[in-house]
Amino acid sequence: MRHFTNIIPAALLAAATAGAACAQDSRTFEVSLPLGPESHQAVGVHKFGEELERLSEGRLTIRPQYDNALGAEREVVEGMGLGLIDMGITSTGPMGGFVNDFLLFDLPYIFTTPEAAYSFLDGEHGTAMAAKLESEANVKILGWMENGFRHNTNNVRPLNSPDDLVGIRHRTQESRVQVDTWTALGANASPMAWTEVFTALQQGVIDSQENPVPTIYDVKFYDVQRYLNLTQHVYSPAPLMMGAQLFNSLSEEDQAIVLEAAAIAVPVQREASQRMEEELIAELEGLGMTVTRPDLEPFRERVQPVIEQWKDTVGAELVEAAQATSS
Ligand code: MLT
């Protein structure tokens with residue numbers, strides 16, 4: 001009996017130690033998404049999860065939380081910075097509230113093609129912006145996924161020129177630049193969190209919003225919006241992010257795995273986003289939306305003062321570098 005009492009605690013201790021090491025190395029990250037499981041955002045998050053699991057031999061996994069289940073976009077960014085939320089993909093709309101540089105993505109008609117935006121984001125400027133977000137908001141960008149080019153939808157009339165926006169109550173993201181842009185275009189603009197937009201459109205509190213085609217499809221805006229106007233006024237990145245504190249708490253090996261999984265997932269997500277943008281316009285038409293392709297020149301002209309007004313706040317060099325990608 002004495003013999004056994006000496007052996008059993010030793011065996012239990014060994015098992016417990018092995019269990020503790022294993023528990024320490026295994027981890028499931030909760031990932032917030034503003035959209036659903038079939039969205040272009042989900043394509044990227046799912047690919048990231050798949051690669052994470054493969055590269056870590058099953059130790060690292062994700063649990064996606066769709067349709068803002070963990071909170072609205074601004075709260076999610078704050079939550080990651082405070083260590084309350086592990087990860088998220090969000091549009092950059094609310095991020096100018098954390099770092100002025102991110103207002104760049106709200107300035108209209110800066111990027112004219114996806115390739116121009118990719119070359120900017122994947123180069124020194126994207127890296128510098130990510131570093132600034134990390135030092136000022138404690139949030140690490142793992143990769144620049146995308147929402148894509150944004151377009152207007154409304155329930156009042158097709159937009160053939162900016163004058164058609166007069167009298168339209170338009171929702172912007174929580175960004176002062178976006179409010180100024182839509183005011184300059186002629187709309188009655190007001191900011192609203194993403195989580196409230198569908199209901200506000202349904203109840204007629206607002207008439208109009210703007211988002212990329214795959215988003216318009218994912219959240220079924222065709223049920224509450226009649227007109228899709230391809231205004232293409234901004235390119236909207238959707239960075240995949242992790243709380244910096246959480247990232248720094250991982251082993252060097254796991255940090256490398258997280259970054260590699262994101263690097264593999266980014267082009268897959270962008271490709272899906274571009275394909276969905278192309279395919280879903282016809283689907284939306286089939287679902288009853290009237291699609292208009294306005295001449296963009298008058299829209300561009302109308303918003304030039306907004307770019308001038310915000311250039312110094314965003315950073316003149318940054319704005320010019322972004323503009324240069326399309327010249
Ligand atoms: C918004 O309009 O607030 C966002 O584009 C939503 C999103 O990130 O899908």
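Start with the largest cavity, which has a volume of about 70 Å³. The model you are viewing is predicted. Searching the whole structure turns up 3 cavities of 30 Å³ or more.

Select the lining next. Pick Pro34, Leu35, Gln41, Glu73, Ser91, Asn147, Arg150, Gln173, Trp194, Asn211 and Thr215; these residues line the largest cavity. Colour them by class. The lining of this cavity has 3 nonpolar, 6 polar and 2 charged residues.

Select the shell around the ligand. Around the ligand are Pro34, Leu35, Gln41, Glu73, Ser91, Asn147, Arg150, Arg171, Gln173, Trp194 and Asn211. By class, the shell splits into 3 nonpolar, 5 polar and 3 charged residues.

Turn to the polar side chains. Begin at Asn211: an N or O atom of its side chain is 2.6 Å from an oxygen atom of the ligand. Go on to Arg150, where a side-chain N or O atom lies 2.9 Å from a ligand oxygen. Then select Asn147. A polar atom in the side chain of Asn147 is 3.2 Å from an oxygen atom of the ligand. How much of the ligand does the protein bury? The ligand exposes 270 Å² when taken alone, and the protein buries 100% of that.

Which residues are closest to its centre? Select Thr127, Ile141, Leu142, Gly143 and Trp144; of the 15 lining residues, these are the closest to the centre.

Switch to a cartoon view. Highlight α5 (124–137), β4 (139–149) and α10 (252–286). Each of these elements supplies at least two residues of the pocket lining. Finish by colouring the pocket by class: its lining has 8 nonpolar, 3 polar and 4 charged residues. For contrast, return to the lining of the largest cavity, with its 3 nonpolar, 6 polar and 2 charged residues.

Definitions and conventions
Residues are numbered from 1 along each chain as its sequence is written. This is a predicted model: local features need pLDDT of at least 70, side-chain atom pairs count only at pLDDT 80 or more; totals for chains, interfaces and linings use all residues. Side-chain values use heavy atoms; hydrogens and water are left out. On a 1 Å grid over the protein atoms alone, a cavity is a set of points where a 1.4 Å probe fits but cannot get out, and a pocket is an open set with protein on both sides within 12 Å along at least five of seven lines; lining residues have an atom within 4 Å of a point. Helices (H or I, at least four residues) and strands (E, at least two) are DSSP runs, numbered from the N terminus. Ala, Val, Leu, Ile, Met, Phe, Trp, Tyr, Cys and Pro count as nonpolar, Asp, Glu, Lys and Arg as charged, and the others, Gly among them, as polar. A residue is near a molecule or strand if one of its heavy atoms lies within 4 Å of it. A polar contact is a pair of N or O atoms within 3.5 Å; within protein, one must be able to donate a hydrogen and the other to accept it, and residues adjacent in sequence count only if both atoms are side-chain atoms. Accessible areas come from the Shrake-Rupley method with a 1.4 Å probe; for residues, only the protein chains shown count as cover. Grid points are joined across faces, edges and corners, and a volume is the space filled by probe spheres set on the points.
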